[in-house]
Amino acid sequence: MSEQQKKLKIGWFSFTCCEDSTIMFTEMLNDHFFAWSKILEFKHANILKSKNELSDIDLAFVEGAIASERDKKKLLKIRNVSKYVIAIGSCAVTGLPSGHRNNFDEKMKEEISPYLLQFHQTEHVYALHELIKIDDKVAGCPMIEAQFVQTIDKYLKMFKVISEDDSIINHKNASD
Ligand code: SF4
């Protein structure tokens, strides 16, 4: 890595879900924070900071399914300001399990409809690819940690933040 370190500008976003991948991400920072903060700029990450910028993002990680008009708009905005969007975990990739109500029978759908109205929820719960173009995905419920690290590694190389010979896989704070 060069002295004038270029950084990959990332965003981390959560929609309808249990946020287990967000918890995993923050847990991973216990091991990687000092190494990663040299090569990643956290442009938007509510879990890490209160002042966030929703603009000029290289890589947006999006966890959760989309279940309201407000979240649809936010997702479109994320897509517009991000060069690449990565779906994180099963809810974002497939809509399930967060979108379980899509599979309810008609009787049950009728029973829950007042709650959807009350909480401004859409009738259908969307996987990200149903609404926007997705560039990559990290499978799992929660996300598979090794796949997530490999994905960051891939884009660090693509953006020439690290060289093709370098890798963040297996980097730890201890080796900073
Ligand atoms: S994919 Fe699983 S772990 Fe991730 S938000 Fe959905 S339910 Fe939670």
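In what order do the elements of the chain run from the N terminus on? I began with this point, working from a predicted model. Read from the N terminus, the order is β-α-β-β-α-β-α-α-β-α. I noted five helices and five strands in the chain.

**Entry: overall dimensions.** I looked up the radius of gyration of the chain and found 18 Å. The globule rule gives 16 Å for 176 residues, and the value for the chain is close to this, so the chain is as compact as a globular protein of that length. I also recorded the span of the C-alpha trace along its principal axes, which is about 60 × 25 × 25 Å.

**Entry: burial and contacts.** I found that 44% of the 176 residues in the chain are buried. I then took the contacts between residues at least 6 apart in sequence; of these, 74% join residues at least 24 apart.

**Entry: helices H1 and H5.** I next examined helix H1, residues 20-36, against helix H5, residues 145-158. Their axes come within 12 Å and cross at roughly 40 degrees. H1 and H5 are therefore oblique to each other. I noted the crossing of H1 and H5 as right-handed.

Which residues make the contact? On the H1 side I listed Met24, Phe25, Met28 and Trp36. On the H5 side I listed Glu145, Phe148, Val149 and Ile152. Sorting the contact of H1 with H5 by class, I recorded seven nonpolar residues, no polar residues and one charged residue.

How values were computed:
Residues numbered from 1 in each chain as written. Predicted model: local features only at pLDDT ≥ 70, side-chain atom pairs only at ≥ 80, totals over all residues. Heavy atoms only, no water. Axes fitted to C-alpha atoms, helices over the stretch in contact; angles between N-to-C directions. Helix = DSSP H or I, 4+ residues; strand = E, 2+ residues; numbered from the N terminus. Parallel < 35°, antiparallel > 145°, perpendicular 65-115°, else oblique. Left-handed = near helix turned anticlockwise from the far one by under 90°. Contact = heavy atoms within 4.5 Å. Nonpolar A, V, L, I, M, F, W, Y, C, P; charged D, E, K, R; others polar. Rg over C-alpha atoms; globule rule 2.2 N^0.38 Å. Buried < 20%, exposed > 50% of the residue type's maximum accessible area, 1.4 Å probe, protein only.
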